Amino acid sequence: MQTFSQLGPSEIFFIARRHNPCTSNCRAQLWFTGRLHFRQESYGFRLKNRVVEYSARPVPPNLIAAEKEEAKAVLTLFFKKQGLSNSVSVRIINKSDLFIDHLVSRLHSVHKSRYLVGRELTTLEIRDSLIPYLEQLHEQHGDLLSDLVVSFPDPPPPPSEDRPVSSSPAPLTPPPRGLAAADTRKLRAVSRVSELDTEGALRPQTLYLLDLGLNLEQIKTITRKFAAFPYYSLEGKIKPVVEFLLDLGIPKSDIPTILCKRPQICGISLTDNLKPTMAFLETLGIDKNQWAKIIYRFPAILTYSRQKLISTVEFLTGTGLTEEQIGKILTRCPNIMSYSVEDKLRPTMEYFESLNVDVAVLLHRCPQTFGLSIETNLKPVTEFFLEKGYGLDEIGIMISRYGALYTFSLKENLMPKWDYFQTMDYPNSELVKFPQFFGYSLQERIKPRYELVKRSGVRLLLNQVLSLSGVEFEKVVKKKMMKKLVSDHHQKSSSELL
């Protein structure tokens, strides 16, 4: 009998491997929350007179590799949500191979019934299984979680104040070995794309993707971004999803773009995730006849968890938008679902409210405005108009009337058009009435039309100069010219009589 008494109740980890001729994939992982007593039996471990048996069903190596990449992606996302930078997160994960193995084994334990029937987990199922577990660990260990991940299966080292002082400073750069390991994993995944079988043919997955219109370099680019992709089963994952997208009316020529944008879509179950998510979004008002356009624009909308979708919709509802309006927003701008409610949507709402803007109206007219940076995009535009003499209330009116105003480049759009406006015979207040002025091309619309009006000697509202079609604009100018001629003639006749 052996006892791991040195580990605390929440720190006991043990990875056990069978000592038999079975492959290394035949393994079990045990996680306990108290003092561990065990002795090895012929078929497993005995714990308090109960034997924990191993599952002898081997897991395919390619599935293990794919699940490891999925686990790394989840762990990276979790660390970034805790405030760590991407480089720091990657550095930690490069040193955490044993913990990644632990996460994969945990998936096999939690979903053992799925594996017994040979059914793979989807990306969302993996995420939904691991995130709560990581949150529980973070609750227990706090800032020591990163140390725990690296030192696994040993307990995390003591806090820095309890550690012996080292005679040499800690390196500021990650060890080359970690970087080399990350590069090796990525290179292995990329090389799988162009791997040949014994007959010199490419893998079936690669051939299928080539037939869809992707080239080898595109598939490799996808793999560099998402290393699990080349390990996806052709018949179990990639092909069913592609055929489903084609059935929705998406042209075959658009499939490569969708896969390049969001390859994770192939890791999602049609019956358990994709179709239910689409049905849920349709209840929110999304036009089901527009799915082909929506998925092409933003395929990631189908990969988000139900919780994320609900939180975004609750925010939109809280602004005063109706279900019908929310449905139209999601149809026109599905990527609004990618914006964090607390980090992006709510702060942007509060900023526009400070300008007395009706946020619901702005969201309905130009939802993409809420994807802009407050510091980089919004504030500089506001300060620009303040410097030109407009008040906050006037700026608020301009935004309410033309939500796209803040989506334009300050240097390349607003400034040159403002400079030209100063040469036009209009008061600055005209832009409050018609801020859409900034949405027209300076060279192709604004200058040619205004110069024609000036040559004609007539006067039109700024709205009339720019918003009318070419034919209507010419009619209005001619009509104004005729009125001017008649008026000038009457004035001349009257002066001659006098």
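Q: What does the accessible surface of the protein chain come to?
A: About 26700 Å², and 52% of that belongs to carbon and sulfur atoms. Keep in mind that this is a predicted model.

Q: How many residues are there, and what share count as buried?
A: The protein chain has 498 residues, and 44% of them count as buried.

Q: And how many helices and strands?
A: The chain has 24 helices and six strands.

Q: What share of the contacts with a separation of 6 or more is between residues 24 or more positions apart?
A: Those account for 67% of such contacts in the protein chain.

Q: OK, the inside. Which residues have the most contacts in the largest nonpolar core?
A: Phe352, Phe385, Tyr406 and Phe437, in a core of 104 residues. Helix H10, residues 234–247, gives the most to this core, with six residues. Another core lies apart from it and has 24 residues, among them Val74, Leu130, Leu134 and Leu145.

Q: What does Phe385 touch, leaving out residues up to four places away in sequence?
A: Phe385 touches Tyr390, Ile395, Met398, Leu405, Leu414 and Phe438.

Q: How far away is the nearest side chain of opposite charge from Arg127?
A: That side chain is Asp128, and it is 5.9 Å away. Arg127 is buried yet has no salt bridge. The cut-off for a salt bridge is within 4 Å.

Q: Is Cys333 buried or exposed?
A: Cys333 counts as buried because its relative accessibility is 5%. Cys266 counts as buried too, at 0%.

Q: Last one, Val150. Where is it found?
A: In helix H6, residues 145–151. Val150 is partly exposed, because its relative accessible area is 34%, and the range for that label runs between 20% and 50%.

Q: How far apart are Val150 and Ser96 in sequence and in space?
A: They are 54 residues apart in sequence and 4.8 Å apart in space, C-alpha to C-alpha. Not counting residues up to four places away in sequence, Val150 touches Ile92 and Lys95.

Methods:
Residues are numbered from 1 along each chain as its sequence is written. This is a predicted model: local features need pLDDT of at least 70, side-chain atom pairs count only at pLDDT 80 or more; totals for chains, interfaces and linings use all residues. Side-chain values use heavy atoms; hydrogens and water are left out. Buried means under 20% relative accessible area, exposed over 50%, partly exposed in between (1.4 Å probe, protein chains only). Lys and Arg count as positive and Asp and Glu as negative; His and the chain ends are not counted. Helices (H or I, at least four residues) and strands (E, at least two) are DSSP runs, numbered from the N terminus. Contact means heavy atoms within 4.5 Å. Accessible areas come from the Shrake-Rupley method with a 1.4 Å probe; for residues, only the protein chains shown count as cover. A nonpolar core is a set of buried Ala, Val, Leu, Ile, Met, Phe, Trp, Tyr and Cys residues joined through side-chain atoms within 4.5 Å.
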